[in-house]
Each structure stands twice: as structure tokens, then as C-alpha cells.
Amino acid sequence: MLTRVKSAVASFVGGIMAGSSDGEQPSGAELPHKFPYMRPAFLGLSPDEIECSADHIARPILILKETKRLPWATGYAEVINAGKSALNEDQACCEVIMVKKKPGAPSTPSKTPTAKRRSSLPNGEGLGLRESSESDGLLIHYWALFDGHAGSGAAVMASKLLQQHIIEQLQDVLDILRNLGSLPPTVLGEEPNHPGTPGTNRTLTRAASLRGAAGAPGSPSTPPPRFFTEKKIQHESLVIGALENAFKDMDSQIEREKAVYNISGGCTALVVAFILGKLYVANAGDSRAIIIRNGEIIPVSAEFTPESERQRLQFLGFMQPHLLGGEFTHLEFPRRVQRKEVGKKMLYRDFTMTGWAYKTIEDEDLRFPLIYGEGKKARVMATIGVTRGLGDHDLKVHDSNIYIKPFLSCCPEVRVYNLTQYEHGADDVLVMGTDGLWDVLSNEEVSESVTSFLANCDPDDLHRYTMAAQDLVMRARGVLRDRGWRITNDRLGSGDDISVYIIPLMNSLWTTPYFTSLHRA
Amino acid sequence: MAYAYLFKYIIIGDTGVGKSCLLLQFTDKRFQPVHDLTIGVEFGARMITIDGKQIKLQIWDTAGQESFRSITRSYYRGAAGALLVYDITRRDTFNHLTTWLEDARQHSNSNMVIMLIGNKSDLESRREVKKEEGEAFAREHGLIFMETSAKTASNVEEAFINTAKEIYEKIQEGVFDINNEANGIKIGPQHAATNSSLAGGQGGQQAGGGCC
């Protein structure tokens, strides 16, 4: 992703930023690293193997070793870029996590003591026969991809710590998630609302009495009348909120710790988490996840780029013009405006528009457009080609004091896929990939490639998803010919870092119950 | 650890001839009788000494199965040495050498040193390919040849080290352009430090010979 941050600057910006030296950001390079550069922990690579993996000439495709397993027999493969940066700036993390209540935290809303320590019991007890108990943890399967730019620091740190923030967020609502029979209470410490049970006897809560529902005396079987409606918040929304806040916490931690550690650059983040029977796909950046079910493609994420977020960015530039530093205009023009065109009418659009109109060119319009370029070359302030992610707190427009971060969002879009609603076959998978994959292969090509590969594999071979991931990366990387890396039909292969997970959805059945005291992988 | 040179090797040959076992014997000095099929590429590394110089061997162990051939082929580039392995107890693995050699010659740099290895020499009773046949094939195609046993470790050190010696000699003769990493040779920090003046000036092919 490095080139997406730097390359455009010189050629596009011309006048206002010309004649500068190398635009390295002040990044605390003299500070110690919090985490050294590495490859995903689950690959279990030695330093020698990591050295081999960084071969830009042969570009080896790394896969899981035979002795390693990912949850659900997930396949993974990655390859380094063709030389645009010395290191592979993609990072990945995959874990099965048990979320337990914070030690010492009060039990809300139920008041049962948390004394029982089930984990000290021998693991012989029958799985699934037990009622979930207070001490049971919530089992989470976690897959994440991070695509770094302008350094690997933020990506490495996020790959180590984002799941911790998710755990902390979920811990706060653990007791509520445990109690799927009642909707989450609007105010903690009050009795939860019982959904869909009109006519049952309800105890009046203090909240209800405050709402003026304390009436209805003598008719306890009718629901209390309300003077205003109250939104019913589902458990699913609590999980979404937890993921959203975890991303924000991660971003804040990076910002905080930049004071004491060298944390270079920024990164996109794509997380898939299996929680209580549903897949939550949280995306901030331009990685992508799709589900392939019975050959059908179901997109489960959307990319955040200068083009897809143009209106949000333009609106921000319009509302807070000081963020543009007097150098940029929030308006978009089809090309740069020339001085001789002042006074003429030219095509433009602003944050209210998806179409185009003409306006009379003024002096201000000579400023460089906030969003400029098309497709993969589109940039925010001629600097960055992705508009959501973590880090980048120091990123400035080349040779200026204009910060990019205010325009970037660390908030993910979270989409939910209910795994229990469908019966999945062995070839139904979720494919997660960084932009290195999707830049050169369409959803259809990926689906076709994975489906046909899996069809030719032994359904009982646990390596089949790993081999499918390797095959997919090979198709996106291509083969080095005289004129660079080439794929099918002599199209250009991806010179970017490429990382791919292939998650078999059927194997989610391995994970039950969702609350347990047993550690399993 | 500092080294004067780094040589990249690739191990190729039919599935089941013992490529991964040769690597394990060389890097870890142990034999693992049951080994999972290699389905991609695996790496090993070890330091050796030639002519008083520390040389790091970086070894890529590839998948032999036909279905992974296009992936394996893409790893020839940038290798300074190749170990082409067959199994002396399986004639078909010997018969396939020509295909492997064509593949290697087509996809590697022309100076790559190729060592032909007849593995499983401990299984004399089940031998299907005579040692003379291996020698003849090597002679005909300009390869170095050895019979090895990854199980008993017989000739394993020699196979890796003799290949390195051949590469080292080619460097001395100026055959390899050591500044082009696509040749599978890297000058190490140790070497670069002692030759900083040379590297700064010519940076040419004589750098290797300069310090002898």
C-alpha cells in the first residue's frame, strides 16, 4: 500500500508542493518498537523463514505448515509484494478466544455470585449437555487482516492488540449476551424487557414507574401503557457496537502509544468474528470479504476509498475549511483547473451531488481538489488512497503541515451473516482478502476459482482450504515474465502484498455450545 | 549471524523422493520417517564454511506433486543452486528427470548449479536405478552427481556443501554477477563491511576475489 500513499504526490500536486525533499513524516523513528516486524503468529515462522519469505524475486506463497491448524480448518495464504516495499506490510491474526468476565467485576444484571470455577474441573463432562453457567466464557472465533501503508508499525500492532479491545468491549455486555431470552435493558441495573410476551405477568420496573406506567393497577396482565415508544435494541446490535468501539479504542491506543513507541504508518482492518452463531464482518479500509454459497456470491463488506467516501470527505472539508489548509478545495472537478479558465464555466460537483453541473470558475477553484484521481489512483489530498483504517496520526500532506487524519475514519462498517439460517456445504466459504487480491481478480473470478478448486479436492482433506488459498494467491500474483508479473490472459498480476483467508462455513458446526468453560481450538 | 555470502538453493524432484527429509537431515541432523506431503514451499537455512568464509545456505523445499508444478516452477528464479532429487528405488522418478531438468533450465538463470541426487541409498536391496545410470545422466547434462541417504545422513552434508563449493568457484571466476540478486547470491554484512571501499568504488564482480 506504500505507493498508494506516496507515489501520486509529486506528479499531481505540481506547483504547491514542488521542490520538496523526501516527505518522511516525523514518526519517532528513534523510539523503540512496541512489536518488531513479524509475520502472522499462526504461521510459526523462524527468523530464517521470515527472511526467505521476503524474497521479491520468487515471491514465495506462504501457507500454514502441516503441523498447524486454524479454527474450522480455515485456509490461509500470503505473498509479499514485487518490490515496492522491503517488507510485507499485510498482517493477519486468527484466534479462538474465550471471553470471560473481568475478574472482580460485579455481575449485572443478575446477582448470582461467580464463585464456581468450572475450568478447574476435568474436561470430561459432556459437551452441550450442561446449562451455561456464570463462569462459562463466550467463545469467539476471530479472523483479521490488516494492510499497512507507510510502514508496518500500525499493522503489526493492530494484529497483536485489536482482539484485546474486542474482548474488553464484549466483557462489558457479557451477562446481557448470555441472556438471549430478554432484550438488552435500556438502563443497566434494571430488569430487562421481555420481548414478544404480551399478556404475561410483568413486574413493574422502576423505569416503568418513572415512565408513568405505574398505573394499570389491578390489571397486572395487561402491558403497561406508555407515553412514548422505546427502541428495542437487539443483542446483535450490542455486538456490532462492541466491534465499532473496539476499532476506536485500537486507534486511540496507537495515538497514545506513539509518544513512547515507534509505530509507523497506518493500516486497514478487516475482521470476521463468529459470535453466538453469527458472523460479524467489520471493515475499515479497502480489503474485502465475500461469501460463496452454492456458487452464489454474497458480498459481506464494502470498501472505503476516496471515491466511495467522496461526499463524506467533501462535507467535512466544507464544514471545516481550516482542515484544507488553504491549499485544497472541497469541490471536485474532472481535471485540474487552469488559471486561464477563471471566469469560464466548468463541470464540478460537491458533497450534495453524485451527478455533475457547471459553475463559474473562481480563483479559489484553482486549489488542488480534496479528492483527485480515478479508481485505484484516487487520493485524498493527493496523499492516501484509502479512507478508513487505524493509525496515520502523523500523516501529513507532502511537505506541508496539513494533517490527513481528520479525514480518515477508524470506524468500521459491520455487517452480519446469520450462519444458523442456512445449511452450508463443504464448498461454501467466506473469502477474505487484502486489496492485492481484489485489484486483479473480480468477485466472480475469485468465486469461480475457489469453487472449481474445491470441487477437485477430497472433501475430507483438511488441507483443501489452505490449498485453495494458495491457488487463489497464485492466480492473483501470476508468473514473472519478461514484462512483469502476469496472470490469465496476459493481464497484469498484483505487485502488491496479497493475503487471503478461506473460511469453510460448514465447520462452524464444530463450535457449540457458544458459552463454555472448555478450551478448544 | 554474519555471513560473507548467502546462496539460495531450491530442491526439486518427484513427490516422495525425500526432498523434505534431505532438508531436515541437513538443517536439523535428524530423520523423520513419516513426513506430510509438501503442498507449497518450505524453507530451511544453515551456515557452512567454505575457504574460511561463512556462507549461509537458504534452501527452498518445493512440492513434487504434478498439481503444484506451476507454483514450484515459479520458485526457480533467483536460485543459485538446485538439488534435483530422484529415488533410487523408483525407476519412474529417474525417468522424470528430463522433464525436471527442462523445467529448471527454462525457468532459472543459466548459471544455476544443479546437483543430481539419487536418494535412499540405504535401500540397496530395493534399488531400481544403478549408480552408473545416475552418473551417466549427470555427465550427459553437465550436472554434479551424488547418491545420498537422508535416513543415514550418508553424503547429505557433501551434497549441499559441494554444490556451494561449485557456486563459490563460479563467483571466483566471475561467472556470477553477485550484485544481481536474481542470481540467488547475496553479499552478507560481514563481507560488505570488509570490502566497503571496494563496494563503494567498483561494486563489480571482483569483489569476491578481492579479499582472498
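These legends describe close-up views of a predicted model.

The model is predicted: local features need pLDDT of at least 70, side-chain atom pairs count only at pLDDT 80 or more, and totals for chains, interfaces and linings use all residues. Residues are numbered from 1 along each chain as its sequence is written, chains are lettered from A and ligands numbered from 1 in the order in which they are written, and side-chain values use heavy atoms, with hydrogens and water left out.

**View 1. Chain B as a whole.**
Chain B has nine helices and seven strands. Helices (H or I, at least four residues) and strands (E, at least two) are DSSP runs, numbered from the N terminus. Of the 212 residues in chain B, 53% are buried. Buried means under 20% relative accessible area, exposed means over 50%, and partly exposed lies in between (1.4 Å probe, protein chains only). Among contacts in chain B with a separation of 6 or more, 74% join residues 24 or more positions apart. A contact here means heavy atoms within 4.5 Å. The chain exposes about 8900 Å², and carbon and sulfur atoms supply 47% of that. Accessible areas come from the Shrake-Rupley method with a 1.4 Å probe; for residues, only the protein chains shown count as cover.

**View 2. The salt bridge of A:Arg39 and A:Glu78.**
The closest N and O atoms of A:Arg39 and A:Glu78 are 2.9 Å apart, and the two form a salt bridge. A:Arg39 sits in the loop between helix H2 (8–13) and helix H3 (47–53) of chain A, and A:Glu78 in strand E2 (residues 75–79), so the pair ties together parts that are 39 residues apart in sequence. Both A:Arg39 and A:Glu78 are buried. A salt bridge is a side-chain nitrogen of Lys or Arg within 4 Å of a carboxyl oxygen of Asp or Glu. By this rule the count over all chains is 41. Side chains of opposite charge can pair when their charged atoms come close.

**View 3. The salt bridge of A:Asp286 and A:Lys376.**
The side chains of A:Asp286 and A:Lys376 form a salt bridge at 3.8 Å, N to O. A:Asp286 lies in the loop between strand E6 (278–284) and strand E7 (288–293) of chain A, and A:Lys376 in the loop between strand E13 (371–372) and strand E14 (379–380), so the pair ties together parts that are 90 residues apart in sequence. A:Asp286 is buried, at 4% relative accessibility. A:Lys376 is partly exposed, at 35% relative accessible area. Salt bridges link A:Asp286, A:Lys376, A:Asp435 and A:Asp439 in a network.

**View 4. The salt bridge of B:Glu124 and B:Arg127.**
B:Glu124 and B:Arg127 form a salt bridge, with their closest N and O atoms 2.8 Å apart. B:Glu124 is partly exposed, with a relative accessible area of 47%. B:Arg127 is partly exposed too, at 22%.

**View 5. The interface of chain A and chain B.**
The contact takes 21 residues from chain A and 25 from chain B. About 1900 Å² is buried between the chains, and carbon and sulfur atoms give 62% of it. In chain A, A:Cys52, A:Ile57 and A:Glu66 lose the most area to chain B, together 29% of what that side buries. Buried area is the accessible area (1.4 Å probe) that two parts lose on being put together, summed over both. Three salt bridges cross the interface. One joins the side chains of A:Asp48 and B:Lys56 (2.6 Å, N to O). H3, strand E1 (62–63) and helix H11 (464–477) of chain A each supply at least two residues of the side that touches chain B. That side of chain A has ten nonpolar, four polar and seven charged residues. Ala, Val, Leu, Ile, Met, Phe, Trp, Tyr, Cys and Pro count as nonpolar, Asp, Glu, Lys and Arg as charged, and the others, Gly among them, as polar.

B:Lys29, a residue other than glycine, has a positive phi near 55°. B:Lys29 is in the loop between helix H1 (19–28) and strand E2 (41–50) of chain B. Its relative accessible area is 55%, which counts as exposed. Phi of B:Asp51 is positive and near 55°. B:Asp51 is in the loop between E2 and strand E3 (53–62) of chain B. B:Asp51 is exposed, at 53%.
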